[in-house]
Amino acid sequence: MMIVVIAATHLSSENRIMNARTINRIELVYRAARFGFLLALGVLALSALLATGAPVKIDNHSKPIEVTAEASSLKPPDKGQIPIAFLISDGAVVIDFCGPWEVFQDVMVPGREEMPFRLYTVAETKNPIRTSGGMQIVPDYTIENAPPPKVIVIPAQSQPSPAVLEWIKKSSSTTDVTMSVCTGAFVLAKTGLLNGKSATTYHGAFGRFATQFPDIQLKRGARFVENGNLATAGGLSSGIDLALRVVERYYGREVARKTAYNMEYQGEGWMNPDSNQTYATSLVSTPEHPLCTVCGMDVDPKVAPKSVFKGTTYYFCSEDDKKTFDATPDKFITAVTRSSAISGSSN
């Protein structure tokens, strides 16, 4: 385009003194500029065509993973609402399910009077659930009578029973998305659905996750990870981003962006699944600032539980973490070292 402008300007300035030879030269320049302009248009059109193709993501082994258009977008129903089940049990972490709940309830689709999502809680029984911080919730449904969901949200919570795991497996055969938040990834992993796939979880649980589920590729530094109709988010607020991502997959980026705007949510992790790089590598424990070997939190060596393994002292922030380590210390250290090395190689 710049060539055309320059050529046109040159033509105008030489109008009064041009002769036959000059006209021929200018005509040559003009034709060359026109050809260059058409060639540039062709290149731009080809680039635009290629840009509409499926994005490529990189896993922890730095191997390109193609994400097909079919896998990234979801088709909402022509009529009716999309049912979303929030699976909860005692100890469910409030932000893990209330964050996504807020996202889904705030979605407004232009041209629709009805809210696009129908939200409800599901538990093993109808007994009141005591969540983190003491909030009490009476579940809307049990796993026996819950409506079939198209989206399942699994927050951090207590150990699931075999019946709950079976409900997740059965329901996930027809869901558009089954998503975990924080250590809800442990619940989803126990179904076996994540075997052979990649996943993420709360950064303080990387070590335990890598130890318990060696067949799952742990991704540090990921805000969320998607595998077909399965998705895992990092800790706590990461669930908000994964929920916004689900909204985007159903209704497009502008609807998701407007939802975030209306919520006054300024995080943009939902547009970049690799935006948790702060947690891509583990903090280093030192004698001056020791960290819990299991969760990575600060500990006071004067009062913290500790274990000695192969001449090295390891500190823990709780007796439960000490038990986790003591059960298989060699396996635990190997798993943590391996997952850290893999994550480092992808950055």
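These are my notebook entries on what I looked up in this predicted model.

**Ground rules.** Because the model is predicted, local features need pLDDT of at least 70 and side-chain atom pairs count only at pLDDT 80 or more, while totals for chains, interfaces and linings use all residues.

**Whole chain.** I found eleven helices and 15 strands in the chain, where helices (H or I, at least four residues) and strands (E, at least two) are DSSP runs numbered from the N terminus. Of the 347 residues, 44% are buried; buried means under 20% relative accessible area, exposed over 50%, and partly exposed in between, with a 1.4 Å probe and protein chains only.

**The open sheet.** Next I followed a sheet of seven strands, which is open, has mixed pairing and runs in the order S7-S4-S3-S8-S9-S13-S12; two strands pair if DSSP finds at least two bridges between them. Strand S7 (141-142) and strand S12 (224-227) are at the edges with a single partner strand each, so one side of each has no neighbour in the sheet.

**A second hairpin.** I then looked at S14, which pairs with strand S15 (residues 312-315) in the antiparallel sense over four bridges and places valine 308 opposite threonine 313 in S15. In this hairpin, which has two residues between the strands, lysine 310 takes a positive phi near 50°. In a regular strand the side chains alternate between the two faces of the sheet. Strand S14 (residues 306-309) has Ser307 and Phe309 on a covered face, and Lys306 and Val308 on an uncovered one.

**Helices H8 and H9.** Which angle do the axes of H8 and H9 make where they cross? The axes of helix H8 (residues 238-251) and helix H9 (residues 253-262) cross at roughly 145° and come within 7 Å; axes are lines fitted to C-alpha atoms, for helices over the stretch in contact, and angles run from 0 to 180 degrees between N-to-C directions. The contact (heavy atoms within 4.5 Å) involves Leu244, Val247, Glu248 and Tyr251 of H8, together with Arg253, Val255, Ala256, Thr259 and Ala260 of H9.

**Proline 110.** I located proline 110 in the loop between helix H4 (94-106) and strand S4 (117-123), where proline 110 is exposed with a relative accessible area of 70%. Proline 110 is 141 residues from tyrosine 251 in sequence, and their C-alpha atoms are 9.9 Å apart in space.

**Helix H10.** Which residues of H10 are buried, and which are exposed? In helix H10 (residues 319-327), I found Asp321, Lys322 and Phe325 buried. Seen down the axis of H10, these buried residues fall within an arc of 100° (taken from the directions from the helix axis to the C-beta atoms), so they line one face of the helix. Asp320, Lys323 and Ala327 are exposed on the other side of H10.

Note on methods:
Residues numbered from 1 in each chain as written. Heavy atoms only, no water.
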